[in-house]
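Welcome! Take a look at the picture first, then follow the points below.

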Amino acid sequence: MSMQTLPRRLGVAVVTAVIVWFLSVRLSTFRDFQIAEVAVEVTAVAGLTVLTGLSGQISLGNGAFMAIGGYTTALLMLHLNWPYIAALVASALVTAVAGGIVGVAAARLRGPYLAGATLMLGVALPALAAAYQGFLGGDQGLNVVFTAPAFLGATFPLTRWQSWVSTVVALVTLVLLANLCYSRIGRNWRAVRDDEVAAALDGVNVAVTRVLAFVVSATCAGLAGSLLAIVTSLVAPGAFTLTLSIALLTAAVIGGLGSLPGALWGSLLIVIVPTYVTDVATSHGLSSSVGSNIPIAAYGAVLILVMLAFPQGIQGGLHRLLTLFTGPGPENPRTRIPRDPPAPHVTPPADEAPASHHEKEGTT
């Protein structure tokens, strides 16, 4: 990573933060809540797109890591009165350890076997709340008290503060992941994804690289779970079902695997589409049982349409359209226009003379 890329990414993050601030001030409290939801999803999807897109590991259990982060935040704030920032950092550390344990256990699994193992984790872990009701609150969950700072005033909307905090955490996560993806660690992830044998022959520790990808993804999910705890003011097993894990993977695929900007597009879809579809179903007089299944069908329809139109996700489709208008960039070797190599210069042997020389001798 060159020294010029970090200021550029920080500049993009600052501009994005200013845009979110402007929107949160101008829009309603419900839109503030949606902005916070998008930030939560971006934090989780970004880690998953790194895990699946760069290291090639399929995970269906990131909802479980979000549950670990959410419950850690709730317990620390409820029983120990920790400030939220300290609880956020602790949640990230706890989920990092959990991700390392799961990563070591799944280091030898590939493809559907790894997906099945993480699927079992996503189903079993939230169910622990029912087994330890006195500690984890059972199905009712744990309440999280999160208030805006006093210097903002008593009338300052809480949803606006939640959107600001969630956006800042999401932007910091994206900047750190972007630097990590273009570092040596990111190159090792790509090497292991493309060919594990070749990567091992090149000196890459495949097992450590795979476990590290799990740790990074779990940490991002833990941060997202901690953010979800303060956005919804409740941590309950119903918020971390298998549907959440599938929705995160769907967002990563729709946005574009391995693309951090794609995490934003996918998160926007999984937040906005269910709300819009539910409103349409309610306006047409559909029952609640039918309306609750429509967002899942909408996910499938959007996924099919995006995969047909843009096999590399929304970000890949946008890059393709931009290339059509602006032409391939010289900095990307995959988009360079191939040119014919120059003709090699061949020196004729000593006993052979150039054709022009023979012609001169024939005329003399």
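L27 sits in the loop that links α1 (5-26) and α2 (29-54). Please keep in mind that this is a predicted model.

**Helix α2**
- Helix α2 is made of 26 residues, and the distance from its first C-alpha to its last is 37 Å, close to the 38 Å expected at 1.5 Å a residue.
- Of the 26 residues in α2, 21 are buried, so the helix is largely enclosed by the rest of the structure.
- After α2 comes G56, which has a positive phi, near 75°.

**Helix α4**
- Helix α4 covers residues 84-105, and its 22 residues should span 32 Å at 1.5 Å a residue; the C-alpha atoms at its ends are 31 Å apart, which agrees.
- The buried residues of α4 include Y84, L88, S91, T95 and G99.
- An α-helix has 3.6 residues a turn, so residues three or four places apart point the same way.
- The partners that the buried residues of α4 pack against are α3 (62-79), α8 (158-181) and α11 (206-232).

**S226 in helix α11**
- S226 is found in helix α11.
- With a relative accessible area of 0%, S226 is buried.
- Beyond its neighbours within four places in sequence, S226 is in contact with Y84, L88 and S91, and also with G69, G70 and T73.
- Y84, L88 and S91 are among the buried residues of α4.

**T167 in helix α8**
- T167 belongs to helix α8, and its relative accessibility of 9% means that it counts as buried.
- Which residues does T167 touch, not counting those up to four places away in sequence? They are V20, I35 and A39.
- I35 is 132 residues from T167 in sequence, yet their C-alpha atoms are 7.8 Å apart in space.
- A polar atom of the T167 side chain lies 2.7 Å from the backbone oxygen of S163.

Terms used. Residues numbered from 1 in each chain as written. Predicted model: local features only at pLDDT ≥ 70, side-chain atom pairs only at ≥ 80, totals over all residues. Heavy atoms only, no water. Helix = DSSP H or I, 4+ residues; strand = E, 2+ residues; numbered from the N terminus. Expected span 1.5 Å × (residues − 1). Buried < 20%, exposed > 50% of the residue type's maximum accessible area, 1.4 Å probe, protein only. Contact = heavy atoms within 4.5 Å. Polar contact = N/O pair within 3.5 Å; in protein donor to acceptor, adjacent residues only side chain to side chain.
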